[in-house]
Amino acid sequence: MEKANKKIVVALGGNAIQSGEATAEAQQKAIEDTAAELVEIIKSGYQVVITHGNGPQVGNILLQQLKSDSRQTPAMPLDTCGAMSQGMIGYWMEKELEVNLREQGINKGVAAIVTRVEVDLNDEAFKNPSKPIGPYYSEEEAKKLMEETGDIYRKIAGKGWRKVVPSPKPINILEHEIIENLIEKDNVIICTGGGGVPVYWDQNRLVGVEGVIDKDFASQKLAELIDADILLILTEVENVYINYNKPDQAALEKISAESMKKYIQEGQFESGSMLPKVEAAVEFVESKPGRLGIITSLDKGLEALLGKAGTVIYSE
């Protein structure tokens, strides 16, 4: 697989940022280790755009907002909290990437961009909020909050009640041309954190949405818009598996998009885990001939790009 000058979007999973503890120090240590892996990819000649999750971080920000909510310090809405998390994580990643690049003698600019992602208010997701956010509540607390705020709370088996918001599909990344221009000038860009801040156009005005966009679909949309060659989704496992956790479990290595779609139809992948990653990779591969979707673990990213690890999805 030719590697020089390939443009790739690297979509980082939550394990790349948070390893258990929620302190700033612990999260920055996780990012320090992640940055070292990413620099190995950059060293190999790839033009790299990095996207990332923000689930634990934006959840903590929301909780902090709720606990300090008062007339003097009013709680911020979800779209603003999402932007806060992008700035925080982007800042941490900028620092660690620049340190690693400098140590390797690589002269590249690094920039984090707070990214807005356009959604369609007619998306069916707005009729059926399904994405859990924020803390858990008792049934009594949740019902009281629903009466007071009009928000929707749902029971999470064995854990309590939690607020749910819509998770619409992305239809555009508003900063994609800026991101593409910066990449073409050989910069490393961090963007589309947590799926980006969801917004919609109300005539000539942009309005933030109380919702969460799936980070894998947002990464896929970005990869298409900037004409990337590869969408590299890094998660906790080296391969995508069929019959996962069963005696006949099998790792998928090189597989066509058509074959992967058959496994999707069979229900091989969990909706809250591997399914969106597989769907995003397949959609990206089918959007233009020659594109590859790769799913693997963080420590196998470069090997997967070289065809030596991971699940590689291609079009026939």
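Which residue of strand 11 is the bridge partner of Trp201? The partner is Leu206. The structure is a predicted model, in which local features need pLDDT of at least 70, side-chain atom pairs count only at pLDDT 80 or more, and totals for chains, interfaces and linings use all residues. Residues are numbered from 1 along each chain as its sequence is written, and side-chain values use heavy atoms, leaving out hydrogens and water.

- Strand 10 (residues 197-202) runs antiparallel to strand 11, joined by 4 bridges.
- In the hairpin of these two strands, with 2 residues between them, Gln203 takes a positive phi near 60°.
- Strand 4 (residues 116-118) pairs with strand 10 in the parallel sense over 3 bridges, and Val117 stands opposite Pro198 of strand 10.

**Helix packing**
- The axes (lines fitted to C-alpha atoms over the stretch in contact, with angles from 0 to 180 degrees between N-to-C directions) of helix 2 (residues 55-67) and helix 3 (residues 78-103) come within 9 Å and cross at roughly 125°; helices are DSSP runs (H or I, at least four residues).
- The contact (heavy atoms within 4.5 Å) involves Gln57, Val58, Ile61, Leu62 and Gln65 of helix 2, and Leu78, Cys81, Gly82, Met84, Ser85, Met88 and Ile89 of helix 3.

How values were computed:
Two strands pair if DSSP finds at least two bridges between them.
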